[in-house]
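Dear colleague,

I am handing over the structure below for your review. A short account of the findings comes after it.

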Amino acid sequence: MVVLEPYARGGPWPARLVTASLGLLALSLVSMAGAGPAYRLELIALDQAFELLRLGALLGVAAALLGLLTLGVGAWYRRPRAALVGILVLLAVAVTLLIPAQYLQLAQAVPPIHDITTDTADPPPFVALAAARAAAPNAVGYPRAFAAQQQRAYPDLAPLRLQAPPARILETATTLMHERGWEIAAVNATTLEATAATRWFGFRDDLVLRLTEDGDGVRVDMRSASRLGRSDLGTNAARIQAFLSALENRLGRD
């Protein structure tokens, strides 16, 4: 009489668990990855996009639990492919959930502000973009309460001083903004206004660059403000720092 060991059995269950765990993982990825583009294309409202993100996270947790079960069943019945799928599902969920976890950590590390400027005493005003900002939830003017929070969070954020003609600075800044895909709203002798959009959700942030004669050089101030949302997760400060650094480097090479 042949005695079947536990690992020789299992029937269709390992394969079914593989299918179920992969299916939940796929639904989770589609839900989380599609939330941003669906909102950006105006197919759903912002609250619906956030609901998709939450649904995707829950589906990811369910996929991870099922992946763990798939790993256990595959190992018990010596089904290496099933066990491997279980491991891959667990890794995929971990990587997927790491992204929102990083955003959450970042939100706790930066102040809940969305309007950043290199000149908190006299922020460059929006003129050409004033109407667009007036139609958005966030204020047109710089909220004075943000100044102290910004200075504590981003003490190194400061104006840029250049030894170059203002016309050349504006031309170079315009080129850099075009290279980044920003929409230029207006350019005059001393200011440049533009709008940038985030890649995933397409949130629109407005920018203004202002030039001021400063002795034998030019002082360059910049402001970047989100139209929507209480906190920008540090995006505007990082944008200003990166852009001013690129502007300085480009003018230094020319």
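The model is predicted, so local features need pLDDT of at least 70 and side-chain atom pairs count only at pLDDT 80 or more, whereas totals for chains, interfaces and linings use all residues. Residues are numbered from 1 along each chain as its sequence is written, and side-chain values use heavy atoms, with hydrogens and water left out.

Helices (H or I, at least four residues) and strands (E, at least two) are DSSP runs, numbered from the N terminus. The axes of H1 and H2 come within 8 Å and cross at roughly 160°; axes are lines fitted to C-alpha atoms, for helices over the stretch in contact, and angles run from 0 to 180 degrees between N-to-C directions. H1 is therefore roughly antiparallel to H2 (under 35 degrees counts as roughly parallel, over 145 as roughly antiparallel, 65 to 115 as roughly perpendicular and the rest as oblique). The contact of H1 with H2 comprises 22 nonpolar residues, 7 polar and no charged. Here Ala, Val, Leu, Ile, Met, Phe, Trp, Tyr, Cys and Pro count as nonpolar, Asp, Glu, Lys and Arg as charged, and the others, Gly among them, as polar.

Two strands pair if DSSP finds at least two bridges between them. Strands S3 (residues 183-187) and S4 (residues 191-197) run antiparallel, joined by 4 bridges, and form a hairpin with 3 residues between them. Glutamate 183 has threonine 195 in S4 as its bridge partner. S4 is also joined to S5 (residues 204-214), by 7 bridges and in the antiparallel sense; the hairpin of S4 and S5 has 6 residues between the strands, and in it glycine 202 takes a positive phi near 75°. S5 in turn pairs with S6 (residues 217-226) over 10 bridges, again antiparallel. In that hairpin, with 2 residues between the strands, glycine 215 takes a positive phi near 65°.

The largest pocket holds about 1,100 Å³ of space. A pocket is an open set of points on a 1 Å grid over the protein atoms alone, where a 1.4 Å probe fits, with protein on both sides within 12 Å along at least five of seven lines; lining residues have an atom within 4 Å of a point. Of the 28 lining residues, Tyr103, Trp200, Phe201, Phe203 and Leu233 are the closest to the centre of the pocket. H3 gives the most to the lining, with 7 residues. The lining divides into 18 nonpolar, 6 polar and 4 charged residues.

Yours sincerely

Technical notes. Grid points are joined across faces, edges and corners, and a volume is the space filled by probe spheres set on the points.
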